[in-house]
Amino acid sequence: MKDSETQGEEQSLSPDDGRLIKTGLKVFKNIATEWGMTTEQQNALLGCDDETLDRWIHGDVLPTEQEVMTLVLTRISHVFGIYRSLHLLIEKDELADSWLHKSNLEFDGQSATSLIVRDGLNGLERVDEYLQKLCEHLA
């Protein structure tokens, strides 16, 4: 076997990785829908287009996209953290979900959604950390 073929096999996703990606993306889509995010916002948040996202949701991740998937899973983990924190802090689901679209002094008067879409991973980290700190004060 050629070195390039061996390397391609070594980089392929395991079945568990594929299931994790597929499940994570489906849950992300559900959360994004609850949050009222547009398709464009969802794509910007994940750093991909509709076609790629649809392909990933169906478990079709190319070997060349595996490094990107690590970043996507990191972004999704922040989405999960934000969702969890919001629902711990705000009892009513619709108020928790709408919080992302309201202007916030912590984010220089812009909404969390705007910050996340504009700054990508950095925006997700900033919102997630902010909400986690608020949750710490509940304990």
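Are Trp99 and Phe107 buried or exposed? Trp99 is buried, and Phe107 is buried too. Keep in mind that this is a predicted model.

**Helix α5 with helix α8**

- Two packed helices are described by the angle between their axes and the distance between the axes.
- Start with helix α5, residues 66-89, and helix α8, residues 121-136: their axes come within 9 Å and cross at roughly 30 degrees.
- Angles under 35 degrees count as roughly parallel, so α5 is roughly parallel to α8.
- The way α5 passes α8 is a left-handed crossing.
- On the α5 side, the residues that meet α8 include Leu71, Thr74, Arg75, His78, Val79 and Ile82.
- On the α8 side, the partners include Leu121, Leu124, Glu125, Val127, Asp128 and Leu131.
- Sorted by class, the contact of α5 with α8 has 12 nonpolar, five polar and three charged residues.

**Helix α3 with helix α5**

- From α3, the contact is made by Ala44, Leu45 and Leu46, and from α5 by Val72, Arg75, Ile76 and Val79.
- By class, you'll find six nonpolar residues, no polar ones and one charged residue in the contact of α3 with α5.
- Arg75 and Val79 turn up in the contact with α3, and both of these α5 residues meet α8 as well.

**Aromatic rings**

- A pair of aromatic rings is described by the distance of the centres and the angle of the planes.
- The count of aromatic pairs here comes to four.
- One of them joins Trp99 and Phe107, an edge-to-face pair with 6.2 Å centre to centre and 80 degrees between the planes.
- Phe107 also pairs with Tyr130: the ring centres are 5.4 Å apart and the planes sit at 75 degrees, so this pair is edge-to-face.
- Phe107 lies in the loop between α6 (93-98) and α7 (112-119), while Tyr130 belongs to helix α8, so the pair ties together parts that are 23 residues apart in sequence.
- Put together, Trp99, Phe107 and Tyr130 form one aromatic cluster.
- How buried is Phe107, and what is its relative accessible area? The relative accessible area of Phe107 is 0%, and buried means under 20%, so Phe107 counts as buried.

Conventions:
Residues are numbered from 1 along each chain as its sequence is written. This is a predicted model: local features need pLDDT of at least 70, side-chain atom pairs count only at pLDDT 80 or more; totals for chains, interfaces and linings use all residues. Side-chain values use heavy atoms; hydrogens and water are left out. Axes are lines fitted to C-alpha atoms, for helices over the stretch in contact, and angles run from 0 to 180 degrees between N-to-C directions. Helices (H or I, at least four residues) and strands (E, at least two) are DSSP runs, numbered from the N terminus. Angles under 35 degrees count as roughly parallel, over 145 as roughly antiparallel, 65 to 115 as roughly perpendicular and the rest as oblique. A crossing is left-handed if the near helix is turned anticlockwise from the far one by less than a right angle, and right-handed if clockwise. Contact means heavy atoms within 4.5 Å. Ala, Val, Leu, Ile, Met, Phe, Trp, Tyr, Cys and Pro count as nonpolar, Asp, Glu, Lys and Arg as charged, and the others, Gly among them, as polar. Rings of Phe, Tyr and Trp (its six-membered ring) pair if their centres lie within 6.5 Å; planes under 30 degrees apart count as stacked, over 60 as edge-to-face and the rest as tilted. Buried means under 20% relative accessible area, exposed over 50%, partly exposed in between (1.4 Å probe, protein chains only).
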